[in-house]
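Me: Could you take a close look at one helix for me? I'd like to know how it sits among its surroundings.

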Amino acid sequence: MSAAGTALVVSAHSADFVWRAGGAIALHAARGMAVTVICLSYGERGESAKLWRLPGMTLDRVKTDRRKEAEAAAQVLGAADIQFWDLGDYPLTLNQDSLFRLVDVYRALRPAFVLTHSHQDIYNHDHPATTEFTQHARIVAQAHGHNPSEKVLGAPPVFLFEPHQPEQCSWTSPRSGTRNAPRSNAWPARSISGNITSASPCSAAPRRRGIPTRRRSPMARATRRYSRT
Ligand SMILES: [Zn+2]
């Protein structure tokens, strides 16, 4: 395990983590953190339109190409590990086996923070399903009665990807702010559990070349708080 700790990114489809959290992954990897990316599916049916326009395309070829792209992106970003669970998309199929598999990942990694999708996305049901799944696994990982011989998980903060239409997903960020969204729809900075925080992962990216930036990211601040408890 990296001395700088670990982070977990749960991506519904194999390209989601790249444009929704690429800056945050690169930043924290550059700081020595071991970032694990889990792609629950390849996005082979719903998020691979360009590939499906090519002649003779098959589901297996789409998956193979999406995997290569995601592996290359993860390498560029400096992720320590990328996993492909191939659970299908449109719809993503999540069951107890996959839930317990993610629980095992939580307990093995003991991430300092978690990144996943927003709670709402009216354009994509796989994304909020992934959010619910990720949060559910985190809660199960904290349960003393689940595989009681293992050490339970603490309470790593969960950060949410900014959706591409935040003003239509009841999502605003104090940093990225969505001008058109009414304030009453703004996502609370902290949930009732005190561990879910909305913040654009991109806001954690360095503003200009030269990592690390002096400014502490929202994730870094939350991680410091978590590591003190
Ligand atoms: Zn997606």
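Reply: Happy to! This is a predicted model, where local features need pLDDT of at least 70, side-chain atom pairs count only at pLDDT 80 or more, and totals for chains, interfaces and linings use all residues. Residues are numbered from 1 along each chain as its sequence is written.

Helices (H or I, at least four residues) and strands (E, at least two) are DSSP runs, numbered from the N terminus. Helix α3 covers residues 59-77, 19 residues in total.

Now for its sides. Val-62, Lys-63, Arg-66, Ala-70, Ala-74 and Leu-77 are buried in α3 (20 or more other C-beta atoms within 10 Å of a residue's own, with C-beta atoms placed from the backbone; 12 or fewer counts as exposed, and in between as partly exposed). These residues cover an arc of only 95 degrees around the axis, taken from the directions from the helix axis to the C-beta atoms, which puts them on the same side of α3. An α-helix has 3.6 residues a turn, so residues three or four places apart point the same way. On the face turned away from that buried side, α3 carries the exposed residues Asp-60, Lys-68, Ala-72, Gln-75 and Val-76.

The buried residues pack against α1, β2 (34-39), α2 (49-52) and β3 (81-84), a contact being two C-beta atoms, placed from the backbone, within 7 Å. Just after α3 comes Gly-78, with a positive phi of about 90 degrees.

Note on methods: Expected span 1.5 Å × (residues − 1).
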